[in-house]
Amino acid sequence: MGNSIQAGPTAADDAAPWRALGLGLIALVCFSLTLPMTRFAVPAFGPELVGPGRSLVAAMAAVPLLIVLRRPLLPPKADLGPVIVVALGSVVGFPFLTALALRNVPASHAAVTIAFLPAATAIMAVLHARERLAPRFWLWCAGGTLLTVGYLALDTRGGLEASDLELVGAVLLCALGYVAGGMLTRRTPAWLTTCWSVIVASPLVLAVVLASHHEVPHLTAKSVLAVVYLGLGSSLIAFFCWYQALAIGGIAKIGQISLLQPLLTMLFAALILGEQLNTLTILMGFTVAITVLMAQRTRQTIPVSNPS
């Protein structure tokens with residue numbers, strides 16, 4: 001029996017790559033709203049509550065969902081390790097570190113560092129998920145990453161800042177969480193992976209919030225809606241789609257569509273926060289989209305977990 005499948009144009013299920021791409025794009029739109037919403041909500045709630053604390057909102061929705069669907073609230077022992085990695089990387093680490101960084105830098109500046117996330121995800125997919133990629137994939141990956149980082153660095157006119165160390169840590173933790181979540185979703189539904197991760201992370205998140213947040217939030221309708229979106233949209237719905245896309249289309253390849261996230265983030269930052277957006281950003285978006293599309297057309301071998 002084989003233990004891998006071939007992803008790409010020659011895959012047996014021709015619809016699978018397109019289904020994975022569609023789910024990935026839905027998740028990408030949700031993710032692209034995260035930094036602008038975080039930037040909007042941090043002044044009212046503080047980085048601890050807006051960052052990892054938003055997963056408490058997700059957990060409050062995940063628990064009744066699992067109860068209604070008669071699923072266990074915690075993962076089985078065999079899946080606990082990967083769920084903990086997802087929780088530490090995607091649920092706690094990335095939101096907390098980006099929220100800390102966004103106290104001092106604009107959302108568009110943060111997008112520069114986060115542009116390295118697809119490349120970091122691809123590397124970890126090879127190292128930890130044993131995915132094998134064609135050389136052409138790495139050429140398109142490098143080209144798209146250099147285009148995105150180079151443009152954003154020029155556009156924001158920003159050099160390195162202390163907050164960039166927090167953003168680098170966020171990228172590495174998030175990439176590790178993506179790989180663990182994508183691997184687990186090959187044998188477990190994506191929504192279960194997501195619900196378990198926010199529930200497992202809840203004690204740590206609650207401890208961080210209680211230890212760090214001392215001021216009474218200055219509540220406004222918009223800031224409350226922003227936190228609700230971060231909890232339900234960014235922390236649940238986006239990952240329902242994202243982990244399923246990673247499992248179907250391959251962690252490395254689907255991860256490459258995240259190259260579009262900084263540009264979409266800048267678009268939403270312009271619409272929501274009034275940050276500057278120019279025509280060159282739109283043109284760059286189309287250019288990067290071409291590199292993403294070409295990366296999707298390369299061949300990839302994805303290991304498959306044997307059913308128990």
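The following questions and answers concern a predicted model of a protein.

User: How many helices and strands does the protein have, and what share of its residues count as buried?
Analyst: The protein in this predicted model has 308 residues. Its secondary structure consists of 14 helices and 3 strands. Of the residues, the share that count as buried is 54%.

User: What percentage of the contacts between residues at least 6 apart in sequence join residues at least 24 apart?
Analyst: The count covers contacts in the protein between residues at least 6 apart in sequence. Among these, the share that join residues at least 24 apart is 91%.

User: What is the accessible surface of the protein, and what part of the surface belongs to carbon and sulfur atoms?
Analyst: The accessible surface comes to about 13700 Å². The part belonging to carbon and sulfur atoms is 70%.

User: Which helices do the buried residues of helix 1 pack against?
Analyst: The buried residues of helix 1 include Ala16, Ala20, Gly24, Ala27, Leu28 and Phe31. An α-helix has 3.6 residues a turn, so residues three or four places apart point the same way. The buried residues of helix 1 pack against helix 2, helix 9, helix 11, helix 12, helix 13 and helix 14.

User: At what angle do the axes of helix 2 and helix 13 cross?
Analyst: Leu35, Pro36, Met37, Arg39 and Phe40 of helix 2 meet Thr265, Phe268, Ala269, Ile272 and Leu273 of helix 13. By class, this contact has 8 nonpolar, 1 polar and 1 charged residues. The axes come within 8 Å, and their crossing angle is roughly 35°.

User: How are the rings of phenylalanine 31 and tyrosine 178 arranged, and which helices hold them?
Analyst: A search of the whole structure finds 7 aromatic pairs. In the pair of phenylalanine 31 and tyrosine 178, the ring centres are 6.4 Å apart and the planes are at 25°. Planes under 30 degrees apart count as stacked, so this pair is stacked. The two residues are 147 residues apart, with phenylalanine 31 in helix 1 and tyrosine 178 in helix 9.

User: Is serine 258 buried or exposed, and which residues is serine 258 in contact with?
Analyst: Serine 258 lies in the loop between helix 12 and helix 13. Because its relative accessibility is 3%, serine 258 counts as buried. Leaving aside neighbours within four places in sequence, its contacts are Leu28, Pro118 and Trp242.

User: Is arginine 70 buried or exposed?
Analyst: Arginine 70 is in the loop between helix 4 and helix 5. Its phi is near 55°, a positive value in a residue other than glycine. Because its relative accessibility is 77%, arginine 70 counts as exposed.

User: How far apart in space are arginine 132 and arginine 299?
Analyst: Arginine 132 lies in strand 2 and is exposed, with a relative accessible area of 54%. In sequence, arginine 132 and arginine 299 are 167 residues apart. In space, C-alpha to C-alpha, their separation is 8.6 Å.

Note on methods:
Residues numbered from 1 in each chain as written. Predicted model: local features only at pLDDT ≥ 70, side-chain atom pairs only at ≥ 80, totals over all residues. Heavy atoms only, no water. Axes fitted to C-alpha atoms, helices over the stretch in contact; angles between N-to-C directions. Helix = DSSP H or I, 4+ residues; strand = E, 2+ residues; numbered from the N terminus. Contact = heavy atoms within 4.5 Å. Nonpolar A, V, L, I, M, F, W, Y, C, P; charged D, E, K, R; others polar. Phe/Tyr/Trp six-rings, centres within 6.5 Å; stacked < 30°, edge-to-face > 60°. Buried < 20%, exposed > 50% of the residue type's maximum accessible area, 1.4 Å probe, protein only. Areas by Shrake-Rupley, 256 points an atom, 1.4 Å probe, with all protein chains shown as cover.
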